[in-house]
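Here is a short briefing to read alongside the structure. Have the model open and follow the topics in turn.

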Amino acid sequence: MLRRQFLQALGSAAAFPVFGPLRAEGAEAVNLTYGLPAGAYGVAQMGTLPGKRPLIEWTARPPNYEAPLSAFATPFTPNDLFFVRYHLAGIPPQIDVQQWQIAIGGGGVATPLQLGFQDLQRGFEQVEVPAVCQCSGSRRGLSDPHVPGVQWGVGAMGCARWRGPRVKDILAKAGIKPGAVEVVFNGADGPVLTTTPDFVKSLPIAKVMDENTIVALEMNGEPLPHFNGYPARLIVPGWTGTYWMKHLISIEPVMKPFDGFWMKAAYRIPTGMFPTVQIFATQQNEMTTPITEMVVNSLITLPAEGARFRIGEPVTVTGLAWDGGYGIRSVVVSIDNGASWREAMLGEDSGRYAFRTWAYRFTAAGPASQTIRAKATNRLGESQVETLIFNGAGYHNNVVRPTTIVIA
Amino acid sequence: MKNLWTLILVLAISAPAAFAAERVVALKNAPGKDTVEAMCSGCHSLDYIPLNSPFLDQQGWTAEVNKMINAYGAPIPQADAAKAIAYLAANYGKP
């Protein structure tokens with residue numbers, strides 16, 4: 001039963017006493033994609049964080065929760081189904097927005113500033129950016145061979161309409177010094193031990209000054225859910241989620257490259273391994289480079305793996321496609337093991353950083369099963385790969401991923 | 001060192017309370033289990049262990065434990081680390 005229907009049903013019994021949490025969806029089975037490590041199937045359960053509907057709970061502390069496939073039935077992901085990802089367990093249980101402030105400082109600003117939530121809301125133009133937030137390690141669990149980390153399936157991602165002030169406008173108020181090379185961002189969450197490096201990230205000046213890089217105060221027209229970064233998070237359209245700092249408390253332009261652990265040692269890929277336009281030059285070396293733009297990818301949202309159809313029955317394939325912000329040019333679908341490909345029909349364009357829906361129809365022919373493949377290509381001409389480009393962190397997995405249906 | 005362990009213990013007790021009802025992850029009963037529970041659960045829930053199985057060999061689990069010590073600053077004595085690696089490789093390692 002949908003939560004809405006459940007609440008309506010509740011509403012009809014006027015003074016219905018409610019004891020404890022409503023667990024209408026609590027019995028929801030865990031429906032995991034194929035190809036994960038065996039241990040992942042054993043440990044997965046649906047878990048409900050405050051303010052969320054049940055999500056696939058991979059780890060409780062820090063919370064790492066994946067959106068189920070049903071979250072992707074629409075081009076914008078509902079806030080209460082949006083995935084949750086934290087590195088470190090020192091997370092404030094709640095944040096008082098009246099007390100919360102963001103510090104604009106660091107060696108690269110002329111006039112350090114403290115801004116409250118209302119300052120950010122009223123003192124700057126509010127812009128809306130529809131954009132996909134995808135964890136760098138989304139689909140890590142599908143790596144072959146498997147690699148350590150949270151064993152994400154396909155749902156460590158979501159798309160929302162983010163709204164708030166541009167970072168460049170905020171920095172203009174503080175005044176950025178010529179020669180600043182990066183901007184460092186920190187959030188209110190942090191480590192459990194003082195010896196663990198706090199989760200702090202930097203971005204190159206060019207990306208910070210992009211008109212689409214904003215501090216989101218709203219997500220799909222509502223305050224951000226706590227576990228998605230309330231009350232404000234950085235939005236870095238086109239780039240993977242690692243840069244989208246949650247519970248943002250400081251923005252610091254710096255005069256030399258930031259050397260924190262989460263830049264120098266984590267979230268890096270072998271230099272030159274993936275097609276990338278926007279590289280992070282001041283953090284790159286000969287061997288490795290920071291992960292930046294998302295690679296072009298797609299997801300089949302229907303039919304489900306193993307769904308049953310009769311011979312002659314029409315099959316509607318639906319899905320999403322996205323990339324690092326160049327826009328989707330085409331999605332092609334194969335129903336004959338990749339022998340031939342036909343163009344899917346693209347849905348509404350919500351902007352080059354957003355999910356693009358697509359659909360394809362065919363008639364089930366059998367004999368026993370049919371395998372559906374979808375392959376997206378972006379406006380740069382880059383397409384999803386047929387074979388995994390293996391890397392030790394399991395990033396950028398955009399392998400064409402078949403869905404097999406049963407024809408009976 | 002003693003202070004750090006006390007800190008871990010305090011946080012292990014207080015941190016889950018913020019998010020209510022963290023499930024109890026029952027690790028396999030074998031020598032070294034207590035060491036693993038004590039040294040890992042201060043910073044993270046134990047579900048990370050079965051989740052990352054069974055594909056890491058002895059070398060893989062060694063790298064993970066060393067990452068916790070060297071990159072994340074976990075105050076784990078060498079002897080405990082060795083015990084934990086043996087347990088993880090034997091119970092959650094590549095068959």
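Let's begin in a loop of chain A: Pro231(A) sits between strand E12 (218-219) and strand E13 (233-235). The peptide bond that joins Tyr230(A) to Pro231(A) is cis, with omega of about 0°. Please keep in mind throughout that this is a predicted model. The predictor assigns the complex an ipTM of 0.91 and a pTM of 0.91.

**Backbone features worth a look**

- Chain B has a cis peptide bond too, between Ser53(B) and Pro54(B), and its omega is about -5°.
- To find Pro54(B), go to the loop that runs between helix H3 (48-51) and helix H4 (58-70) of chain B.
- Arg139(A) is not a glycine, yet its phi is positive, at about 75°.
- Is Arg139(A) buried or exposed? Arg139(A) counts as buried because it has 28 C-beta neighbours inside 10 Å, where the cut-off for burial is 20 or more.
- Asn337(A) likewise has a positive phi, here about 60°, without being a glycine.
- Asn337(A) belongs to the loop between strand E20 (328-334) and strand E21 (342-343) of chain A.
- Asn337(A) counts as exposed, because 11 C-beta neighbours lie inside 10 Å and the exposed class takes residues with 12 or fewer.

**A sheet in chain A**

- Strands E7, E8 and E12 of chain A form an open sheet in the order E7-E8-E12, with antiparallel pairing.
- Which strands are at the edges? They are E7 and E12 of chain A, each of which pairs on one side only.
- The antiparallel pairing of E8(A) with E12(A) extends over 2 bridges.
- Arg163(A) has Glu218(A), in E12(A), as its bridge partner.
- As a reminder, strands of a sheet pair through backbone hydrogen bonds, in either a parallel or an antiparallel way.

**Chain A as a whole**

- Chain A contains 6 helices and 25 strands.
- Its radius of gyration is 22 Å, close to the 22 Å from the globule rule for 408 residues, so chain A is as compact as a globular protein of that length.
- Taken along the principal axes, the C-alpha atoms of chain A fill a box of roughly 70 × 65 × 40 Å.
- Buried residues make up 48% of the 408 residues in chain A.
- Among contacts in chain A with a separation of 6 or more, 68% are between residues 24 or more positions apart.

**Where the chains meet**

- Chain A brings 24 residues to the contact and chain B brings 26 residues.
- On the chain A side, helix H2 (38-43) and strand E2 (55-59) each supply at least two of the residues that touch chain B.
- H2(A) gives the most to this side, with 5 residues.
- Sorted by class, the side of chain A that touches chain B has 16 nonpolar, 7 polar and 1 charged residues.

**Confidence in chain B**

- The mean pLDDT of chain B is 86, and 78% of its residues reach 70 or more.
- Residues 1-18 of chain B have pLDDT below 50, and this stretch has 13 contacts in the model beyond near neighbours in sequence.
- Where pLDDT is low, the predicted coordinates should not be read in detail.

Technical notes: Residues are numbered from 1 along each chain as its sequence is written. Chains are lettered from A and ligands numbered from 1 in the order in which they are written. This is a predicted model: local features need pLDDT of at least 70, side-chain atom pairs count only at pLDDT 80 or more; totals for chains, interfaces and linings use all residues. Helices (H or I, at least four residues) and strands (E, at least two) are DSSP runs, numbered from the N terminus. The radius of gyration is taken over C-alpha atoms; the globule rule is 2.2 Å times the number of residues to the power 0.38. Two residues are in contact if their C-beta atoms, placed from the backbone, lie within 7 Å. Ala, Val, Leu, Ile, Met, Phe, Trp, Tyr, Cys and Pro count as nonpolar, Asp, Glu, Lys and Arg as charged, and the others, Gly among them, as polar. pLDDT is the predictor's confidence in each residue, from 0 to 100. Two strands pair if DSSP finds at least two bridges between them.
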